[in-house]
Amino acid sequence: MVEEKLEFGGTKGAIGLILFSHFVPFYFLLSLQYNSGGLYVPSSFNQLIADLKESCSPTWSAFFLYTGFCLLQLVFAAILPGLQIKGLPVPTENNRQYTYNCNALASWYVTLVLVAVLHLTGILKLTILADQLGSVLCVAVIVGDIVSVIIHVYAIQTKQTCRMTHLPLYDFFMGVWLNPRIKFLGQEIDLKMLAEVRLSWLLLFLLIVSAALKQYEAFGVISWPMLLVLTAQLLYINACMKGEECIPTTWDIFYEKWGWMLIYWNLAGVPFVYCFQAHYILVNSLRTQQPTENISTVLMIIFFIILILAYYVWDSSLSQKIRFRMQQQGIDIARNAFPQMPWNVIQNPKYLKTECGSPLLIDGYWKYCRKPAYTADICMSTLWGLSCYQWPGLLPYFYPIFFFCMIIHRYTRDMARCQVKYGKDWTTYCQRVPYAFIPGLI
């Protein structure tokens with residue numbers, strides 16, 4: 001009996017997405033290696049295999065770099081101080097409320113200091129990630145796949161499954177275990193939170209910094225396009241760390257199971273696909289030996305202004321909604337992590353009461369449109385692609401286009417799910433807040 005609605009087209013869709021998700025990061029790597037980020041077209045299948053072996057073969061140094069990073073974050077999650085936050089009650093686990101030790105911010109700062117010390121002293125130059133990008137990618141993909149299999153088999157063997165469809169490949173793709181936890185150094189670590197908040201975003205930032213340092217090493221300067229990508233990711237990742245206490249109430253943690261989709265994309269997909277623009281800028285600046293030529297100062301200023309405005313709306317709008325949700329749960333936690341955006345908490349917010357008991361926020365940004373954070377997210381992802389305008393090409397725009405399609409798909413799913421959950425209250429809400437993304441337009 002199917003216990004949840006199938007998404008992504010069931011088994012065939014899951015297989016297609018697994019293959020596509022493996023293809024994308026390796027194709028991007030080959031395009032960087034053999035065509036400076038342009039479209040990679042091998043002359044034959046044998047040439048493809050030869051290029052993969054040459055540029056993406058796993059090495060022991062790549063293995064120790066990647067697994068050492070993951071182990072270090074696991075240690076930090078266990079030993080560093082943080083806030084103890086309770087998540088939402090889990091209906092499929094008798095309304096159990098899990099406690100989360102939110103110390104990602106401490107891990108973020110300690111990691112940055114440690115990496116800076118290792119790089120500046122020459123003990124471990126961070127540029128090694130740029131030099132061994134393909135090998136580290138291969139290790140990350142292998143680790144992601146192995147962890148997915150282990151988690152899946154262990155959950156079934158120990159009967160810690162929920163919402164099974166009994167379609168083996170689809171269940172493997174979506175996951176069967178909601179809250180995988182392990183005991184480590186005397187602490188209970190939530191693996192899904194660890195991977196989603198730290199492993200993916202911290203590694204992404206280090207990959208981007210490695211590209212920036214490699215450019216500086218070659219030219220004694222970091223170009224404005226590289227700084228734009230670096231700034232965008234720094235703001236985004238820092239926001240995830242400083243607002244970790246808000247994450248236990250989000251859909252990914254509360255509802256999504258930890259299957260191949262989340263595991264692979266957290267451990268390999270996100271860091272190695274999202275860092276493409278930085279490495280595209282790097283390889284083209286090395287190819288042309290002109291990292292700062294043909295850059296419009298006015299255009300870069302405009303890009304930075306749009307980035308800051310989009311980040312502000314994204315950070316503050318998400319904070320408004322999640323803080324509202326936390327207030328409804330009786331959770332009132334104030335943090336002073338930098339930067340705190342103005343208007344990130346609504347005092348005495350207006351909301352619609354619903355028959356299902358979950359109120360709908362109609363205040364702050366959320367009285368103007370239903371998805372203000374999605375709009376800001378799309379703006380920021382588009383800027384990642386535009387940062388590469390100096391060298392015309394198609395691949396830097398893959399992620400913004402992919403992200404836009406994903407957001408639209410997620411929005412349609414959200415609308416359908418909310419219509420079922422709230423019924424006539426959702427219709428009333430949509431009449432009250434008629435615009436989805438941009439007030440007055442759409």
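Does Y40 count as buried or exposed, and what is its relative accessibility?

1. In this predicted model, Y40 counts as buried, with a relative accessibility of 7%. Y27 is buried as well, its relative accessible area being 15%, and both values fall under the 20% cut-off for that class.

2. The model holds 32 aromatic pairs. One of them joins Y27 and Y40, whose ring centres lie 6.2 Å apart with 65° between the planes, which makes the pair edge-to-face. Because Y27 belongs to helix 1 (residues 10–35) while Y40 sits in the loop between helix 1 and helix 2 (45–56), this contact ties together parts that are 13 residues apart in sequence.

3. For F324 and Y351, the ring centres are 5.6 Å apart and the planes meet at 50°, so this pair is tilted. F324 lies in helix 13 (residues 297–328) and Y351 in strand 5 (residues 351–352), and the pair therefore ties together parts that are 27 residues apart in sequence. The two partners fall into separate accessibility classes: F324 is buried, at a relative accessible area of 6%, whereas Y351 is partly exposed, at 33%.

4. Ring pairs also link a cluster of residues, which consists of F20, F28, F173, W260, Y264, W265, F276, Y280, F398 and F402.

5. Charged side chains should be read alongside the ring pairs. The charged end of R163 sits over the ring of Y255, at 3.8 Å from its centre, and the charged end of R181 sits over the ring of Y100, at 4.7 Å from the centre of that ring.

Technical notes:
Residues are numbered from 1 along each chain as its sequence is written. This is a predicted model: local features need pLDDT of at least 70, side-chain atom pairs count only at pLDDT 80 or more; totals for chains, interfaces and linings use all residues. Side-chain values use heavy atoms; hydrogens and water are left out. Rings of Phe, Tyr and Trp (its six-membered ring) pair if their centres lie within 6.5 Å; planes under 30 degrees apart count as stacked, over 60 as edge-to-face and the rest as tilted. Helices (H or I, at least four residues) and strands (E, at least two) are DSSP runs, numbered from the N terminus. Buried means under 20% relative accessible area, exposed over 50%, partly exposed in between (1.4 Å probe, protein chains only). A charge sits over a ring if NZ of Lys or CZ of Arg is within 6 Å of the ring centre and within 35 degrees of the ring normal.
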